[in-house]
Amino acid sequence: MNRVQNTKIILWLITGFAAAVGLNRFIFGLGATTNLTDSTPWGLWIGFDVMGGVALAAGGFVMTAIFYIMKREEFHPLVKPAVLTAFLGYMAVILGLLFDLGLPWNIWHMIIFWNPHSPLFEVGWCVMLYSAVLLLEFSPVPLEKYSRYAKIRNFLMKFRFVFVLLGIMLSTLHQSSLGSLFLIMPFKLHPLWYSNILPIQFFLSAVALGLMMVAFESLASHWLYKRKPETSLVEKLGKTVVWVLSIYLIVKIIDILAAGEITIVLNGSWESFVFISEIFISIIFPIIIFSVPKMRRNIKAQWIGSFMVVFGMVFNRINVGGLTMLSITGDSYTPSWMEITISLGVVSAAALVFLFVIEHFNIWDLKPQDPESLPHTAPSFDYSSHAWLGTPDAASLTKFSLAFVLSFAVGMALMPEKKLHGKGIEEITVSRASGIERLLINGNKDDNLVEFPHKEHIARLGEDQCAQCHHLTLPRFIENSCWECHTNMYKPVDYFKHNWHASSSGANIKCDNCHVEGVQRESKSAKNCVDCHPKYDFNNARFIGSQKYFAISYTDAFHQLCVSCHFIKADELNKQNLTECKSCHKVKIHDQVAENLKWKTTLPHFNSVILPNIEKEKNQSEMSKDEKENINN
Amino acid sequence: MESWLEFAKGPLFRLTFAIMLLGLIRIFMLDIWGIYKAYRKAGDKNMPWKLVLSRGLEWFFPVNRVARNRPFYSTFSTLFHIGLLVVPIFLYAHVKQWEKSIGISWITLPFDWAYWLTISTIVFAIALLMGRMFNKSSSFLSRKQDYLWPILLLIPFITGFVCAHLNVNPTYYQFFMLMHVLSGNLIFILIPFTKIAHCVLMPLSQVVCTIAWKFPPETDEAVCSTLNKKGAAV
Ligand code: HEM
């Protein structure tokens with residue numbers, strides 16, 4: 001076993017695990033996998049995968065500019081890896097976006113349905129064009145290996161300079177336009193990160209990050225393959241980055257001073273702490289490290305310095321991309337483990353492709369070799385089972401694929417069950433109504449209660465009409481209230497506890513005592529509830545399907561029951577205000593919704609109330625007129 | 001026991017099923033890759049593809065030359081395999097589980113068919129096991145796992161039958177169901193790593209055999225030198 005093999009196995013493990021989680025995301029949706037909400041729609045995936053990915057790819061345009069335009073020939077060994085990283089970075093961005101988009105299959109829409117006023121439109125096109133250019137810029141390298149494609153390669157080489165120029169232009173545009181994206185949300189972003197010159201700041205930091213990413217990558221891959229590190233080149237990159245970082249720092253300081261935000265920097269809130277640490281990690285420490293010549297030449301210092309810039313700038317993107325909006329939106333977002341896993345998986349997959357490409361194509365003058373993949377090294381044995389794993393390259397494939405399969409399976413095992421609806425509809429077990437003559441219905445205890453004149457309704461309907469509303473009575477009860485079956489505020493529940501009936505700790509009934517013997521055990525062959533519970537009165541059942549025993553949600557139950565009768569009675573008694581929301585909801589909901597829009601709190605329940613669809617057009621048109629008046633008032 | 005059952009039907013099932021599915025795909029791909037490598041090294045690249053295909057197909061059907069040697073064995077084996085594959089895939093109760101968890105369902109076995117197929121699979125499995133034990137030449141060739149596999153395969157069939165057709169009380173039902181699901185899960189894990197992998201590798205075996213005859217004459221020496229045993233007898 002060796003360094004490269006171990007690293008690859010770890011990367012395969014992460015990728016496999018993330019693949020299973022990713023499957024979960026595509027089957028069950030964002031709600032089941034992420035902690036994102038309507039007020040925090042951009043989380044880790046945007047902050048890290050997309051914003052961070054684009055920023056990490058900045059090495060591509062920085063190195064090509066240095067090499068082709070400034071003609072600094074000595075940087076030649078770094079150009080190809082940098083372009084490759086940029087390409088893979090953008091691929092990772094696209095992959096990350098596919099996870100984040102609610103309807104990923106619509107990603108092609110922006111190609112056809114143009115909306116040139118949208119910053120996202122610009123960002124999307126930049127990503128698309130720049131990835132295409134990067135592909136053209138990089139493809140001569142793999143094509144080199146196949147003489148068949150010599151013509152295509154020559155053609156591409158002829159236009160290389162054009163691609164390089166286009167690439168530099170596009171990514172300059174794109175790095176800064178990611179900044180402009182946030183110009184449209186001045187009230188959401190924390191003032192320390194919001195700035196009118198956000199595009200410029202993004203561009204400057206991308207240049208610094210690009211330089212240091214190239215340095216870091218060179219150090220890391222040379223460590224991995226046990227080659228002599230390119231210390232002198234990294235040193236030169238370090239010298240350059242001091243300048244860029246200094247300009248960035250000055251711009252930032254001036255910006256803060258001009259906006260009069262210096263007090264916010266020092267006010268001791270968690271944002272100020274994050275801001276100060278970001279400045280120190282991404283700017284000040286690296287400047288110190290790379291301006292002292294002795295440190296600049298030291299390989300350990302190079303590791304630390306380049307990592308600090310990379311980490312600090314990605315941290316900056318995460319901050320701008322969502323973290324620092326939290327105090328303003330009042331949300332509490334922490335990425336779910338599944339979001340983190342998928343982010344890591346995207347990075348690992350990109351790293352695996354990177355390693356594959358540098359092993360198989362001429363990225364460096366001297367191709368690195370995974371020692372186990374040389375054709376004449378002795379065959380490899382699996383030390384645990386002493387099994388011969390085939391020729392060395394077959395052996396590594398065997399190991400990697402096994403790692404992938406096993407971690408994928410573990411990921412599948414950890415998939416959460418019964419979370420199909422995610423956070424969108426909250427899982428709230430209702431509590432019973434209080435009061436005797438006037439019931440206070442407050443299922444989810446949010447104090448938006450409905451005061452229900454129970455006694456009046458009995459008087460109106462007659463004492464013998466209880467079953468109109470109390471349509472089902474559980475065994476050994478005389479009457480049951482709504483909350484006993486409609487146990488969930490917003491979701492339907494299966495109130496027939498099948499497994500409970502058939503288990504020894506429950507009703508302890510044998511299967512064939514309910515299902516006819518000698519026939520398939522299914523709904524059709526099952527006995528009906530009334531066969532054992534004669535008190536159940538299904539004839540009065542209001543909305544019961546006879547086979548599927550589902551109790552609709554508490555909210556829906558009330559709306560269907562109360563509102564439909566009120567619609568009818570409103571007509572009969574000619575009291576149109578009976579159909580209005582506010583005849584029951586005395587607390588003004590509109591105020592609450594308005595409050596909600598100020599991003600103070602999230603009350604997802606307002607999204608999920610479904611009013612019954614009653615075909616009373618006359619009433620409905622009048623209601624909407626009434627409502628309009630209401631809102632005008 | 002209920003929570004154990006819940007665990008075995010949920011997370012554990014997903015784990016083992018994923019291992020089986022991906023594991024089978026994995027060894028299939030590795031095999032194809034190995035065949036491709038071997039093919040590139042073969043001295044004579046004229047592969048009799050048609051012959052390979054017809055030989056391969058011949059193995060799938062019970063009426064072939066081999067069957068004439070051991071007619072009982074091959075009939076029993078074929079019938080056993082039919083039940084082994086059809087029952088777990090198309091059983092109504094199994095399909096219902098899929099429908100509940102991921103919402104996909106497919107055609108199911110009628111009740112009586114499931115009943116008779118299960119019984120026949122159990123009977124044929126026992127017959128095959130007996131054959132292996134009492135036939136001298138096959139017991140000489142058998143390893144431990146060759147006896148263990150039929151026994152392991154019998155467990156889910158017998159426990160499943162008990163649950164589905166004997167009206168046992170809930171405690172026994174849950175116990176047998178737990179054994180059923182656990183043994184099923186064990187089978188899933190073992191499939192890609194043991195001889196049962198033949199379910200996907202079988203179609204490739206003819207190709208592998210044929211390629212082996214096509215290696216250049218001095219291949220054995222190359223093998224020896226790779227193993228650092230130059231000059232050793234092959
Ligand atoms: C190799 C794996 C398996 C085999 C060969 C197998 C086979 C069987 C057989 C033969 C039956 C009886 C069918 C009948 O006679 O009508 C059965 C029933 C059943 N099996 Fe499996 N099974 C396997 C795995 C599983 C797993 C993993 C689960 C659960 C996740 C499961 C759940 C059930 C259930 C719920 C029944 C129905 C019992 C009833 O109707 O009361 N089985 N299975």
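Buried means under 20% relative accessible area, exposed means over 50%, and partly exposed covers what lies in between, with a 1.4 Å probe and protein chains only. By that scale B:Cys199, at 46% relative accessibility, counts as partly exposed, whereas A:Cys511, at 18%, counts as buried. The model is predicted, so that local features need pLDDT of at least 70 and side-chain atom pairs count only at pLDDT 80 or more, while totals for chains, interfaces and linings use all residues. Residues are numbered from 1 along each chain as its sequence is written, chains are lettered from A and ligands numbered from 1 in the order in which they are written, and side-chain values use heavy atoms, with hydrogens and water left out.

Chain B contains twelve helices and zero strands, where helices (H or I, at least four residues) and strands (E, at least two) are DSSP runs numbered from the N terminus. Of the 234 residues of chain B, 34% count as buried.

The ligand is surrounded by 25 residues, the closest being A:Arg521, B:His94, B:His165, B:Tyr173 and B:His180; a residue is near a molecule if one of its heavy atoms lies within 4 Å of it. Because the surrounding residues come from chains A and B, the site is shared between chains. The shell divides into 16 nonpolar, seven polar and two charged residues, with Ala, Val, Leu, Ile, Met, Phe, Trp, Tyr, Cys and Pro counted as nonpolar, Asp, Glu, Lys and Arg as charged, and the others, Gly among them, as polar.

A polar side-chain atom of B:Tyr173 lies 2.7 Å from an oxygen atom of the ligand, an N or O atom in the side chain of B:Thr118 is 3.1 Å from a ligand oxygen, and a polar backbone atom of B:Cys163 is 3.4 Å from a ligand oxygen. The elements of chain B that give two or more residues to the shell are helix H5 (71-90), helix H6 (92-102), helix H7 (111-134), helix H9 (144-165) and helix H10 (170-190).

Aromatic rings of Phe, Tyr and Trp (its six-membered ring) pair if their centres lie within 6.5 Å, and planes under 30 degrees apart count as stacked, over 60 as edge-to-face and the rest as tilted. Over all chains, the whole structure holds 33 such pairs. B:Trp98 and B:Trp106 form a tilted pair, 6.2 Å centre to centre with 45° between the planes, and B:Trp106 is partly exposed at 31% relative accessibility. B:Phe175 and B:Phe176 are instead edge-to-face, at 5.6 Å and 70°. In chain A, ring pairs link A:Phe216, A:Trp303, A:Phe307, A:Phe311 and A:Phe315 into a cluster.

Two loop residues of chain A complete the tour. A:Lys71, in the loop between helix H4 (58-69) and helix H5 (76-100), has a positive phi near 55° although it is not glycine, and A:Lys71 is exposed at 53% relative accessible area. A:Asn574, in the loop between helix H24 (554-573) and helix H25 (589-597), also has a positive phi near 55° and counts as exposed at 61%.

Key
A polar contact is a pair of N or O atoms within 3.5 Å; within protein, one must be able to donate a hydrogen and the other to accept it, and residues adjacent in sequence count only if both atoms are side-chain atoms.
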